[in-house]
Amino acid sequence: MRGLLASSIGVTCAAALALPLTSTAVAARPVSPAAVRPATGAEALGSTQSLPLAPLASRDRTLAPVAEEGLPRRDVRHFSLVGVIWDDPDTVLHGRVQVRTRAAGTDTWSPWQDLETHNDDAADPGTAERTSGRVHGATAPLWVGDSDGVEVRVRAEADRRTEDTARGSRTATTTGPLPTGLRLELVDPGESAPEPARQDGAAGAPQRAVAPGSAPHSAPDSAPRSVPRSAPTADPTEILAAMDASAANADLADLGATEIPALDRQQTEQELFALRAGELTGQQRVKPYIGPRPRIVTRRGWGADEGLRERTFVYTKKVKAAFVHHTASGNGYSCTQVASLIRGIYRYHVKSMGWRDIGYNFLVDKCGNIYEGRAGGVAKPVLGAHTLGFNSNSMGIAVLGSFGSKKPPAAATRAVAQLAAWKLGLHGANPKGKTYLKSGGGNLYPKGKKVRLNVISGHRDGFATECPGWQLYRKLGSTRTTAARLQGR
């Protein structure tokens, strides 16, 4: 009887997840051009154009010939996110990658924009994800908005060296080769359909189960209000994958929910006892240190095409540390476009870079909204691909944007602290403390070395990189303090 019941429930849930949600009342708010561009069939779920780059003539005749590849200005199908990939993931692109794009339906071209060439988010060396044979080297992706024209140039760095010879010193200019197999990736993140109007829950009422589209009173006003349009004919495998992703959060929300609602402290503590009852120490049972659970938009909420990723989930033992990142995808997005931006990054990570799923465990936008990243359950220790060498026993939180020179919004840094206070609290970690992680191999620490790190660290603490950008990195001290306070420490 139980098997029959489970089967019936599964069929019902599959049907519910496969059908598009309908809207009876939608608040008026701006949407991206991509959200109103008509699409049919599979295009509604997104697509990727992959265009090979070719050698370009050097523009600077005063130097020795410089390796340069690119793509002349051309018309293309609509896209909103752009990146460049190459064959070998272990090859570093020493050079500059620039693109300019044309806004869809116009004659307006953007200025040249730089892509971050040192994209150091990756699975650990030797893991199945890293050695799958599908992984490519890649720049960070750049969000450009709805576009239908593109031009790109990739220029190798000139290395100037002073050499001593019998006739005295001289300066030699040499240029290393560009990586082989350079390709331009143009990502269309797909369309969105309106979701049902939100209805605030009563203060203090139990919030374990919420209807899709509902939100607690504490949800940011600028939260995105769209969920993906389902494919005209859903593939059974994709339906099952969507069910699996949703079921991984079954302890926190109903199947098919577009968000996991916020809880107050008392509710969060009760949830902790339910989730970790057999693992808590005596002190934790009396007074657990955990921050109130923040509102989290699920993968269904931002429109993940579950047919893209690998079907299974991979877990590590626990979450001892959180690594903070920025996506280096630019700051030119609005918070109503975030679902599309995340779908674009997801597709770029999987289809272009060859990863099993999006690399980050969580993403945070400039308005302070938190999103589920890699599938497997937000309360579980899902193995990500975010900090090369330190993905085990950690989680990756990526703030959407570029923060080398631009300060991160206060709403975003507070959301990082709220998320860390809750998720680290589930695993008994102190946000202001230190912990040891064993390196899986990288450019800072050799494989097998035990490294003492802050429980809340920046990407650059585990790998030699600019990520998460200086302006975000310098905020981590206050983030640790806020997270610890939220835990009641």
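Helices here are DSSP runs of H or I with at least four residues, strands are runs of E with at least two, and both are numbered from the N terminus. The model is a predicted one, so to speak of local features takes a pLDDT of at least 70 and side-chain atom pairs count only at pLDDT 80 or more, while totals for chains, interfaces and linings use all residues. Residues are numbered from 1 along each chain as its sequence is written, and side-chain values use heavy atoms, with hydrogens and water left out.

Buried means under 20% relative accessible area, exposed means over 50%, and partly exposed is in between (1.4 Å probe, protein chains only). After H8 comes Gly-428, with a positive phi near 70°.

Next, the strands. Two of them pair if DSSP finds at least two bridges between them. Strand S4 (residues 95–103) pairs with strand S7 (residues 142–156) in the antiparallel sense, over nine bridges. Ala-103 has Ser-147 in S7 as its bridge partner. S4 also runs antiparallel to strand S5 (residues 113–115), and three bridges join the two. Here Val-97 stands opposite Leu-115 in S5.

On to the aromatic rings. Rings of Phe, Tyr and Trp (its six-membered ring) pair if their centres lie within 6.5 Å; planes under 30 degrees apart count as stacked, over 60 as edge-to-face and the rest as tilted. Searching the whole structure turns up four aromatic pairs. In one of them, the ring centres of Phe-323 and Phe-390 are 6.2 Å apart and the planes meet at 40°, so this pair is tilted. Phe-323 sits in strand S15 (residues 321–326) and Phe-390 in the loop between strand S17 (370–372) and strand S18 (394–399), so the pair ties together parts 67 residues apart in sequence. Phe-323 is buried, at a relative accessible area of 0%, and Phe-390 counts as buried too, at 1%. Another tilted pair is that of Trp-470 and Tyr-473, 6.2 Å centre to centre with 35° between the planes. Both belong to helix H9 (residues 470–473), and because they are three residues apart there, about one helical turn separates them. Trp-470 is partly exposed at 46% relative accessible area, and Tyr-473 is partly exposed at 22%. Ring pairs also link Phe-323, Phe-390 and Tyr-445 into a cluster.

Some rings carry a charge over the face, which takes NZ of Lys or CZ of Arg within 6 Å of the ring centre and within 35 degrees of the ring normal. Arg-460 lies over the face of Tyr-473, 4.8 Å from the ring centre. Arg-153 does likewise for Trp-112, at 3.9 Å.

Last, the cysteines. A disulfide is a pair of cysteine sulfur atoms within 2.5 Å, and the structure holds one. Cys-335 and Cys-367 form it, with their sulfur atoms 2.2 Å apart. The link is right-handed, with 100° about the S-S bond. It connects distant parts of the chain, 32 residues apart: Cys-335 is in the loop between S15 and helix H7 (338–352), and Cys-367 in the loop between strand S16 (362–364) and S17. Cys-335 counts as buried at 6% relative accessibility, whereas Cys-367 is partly exposed at 22%.
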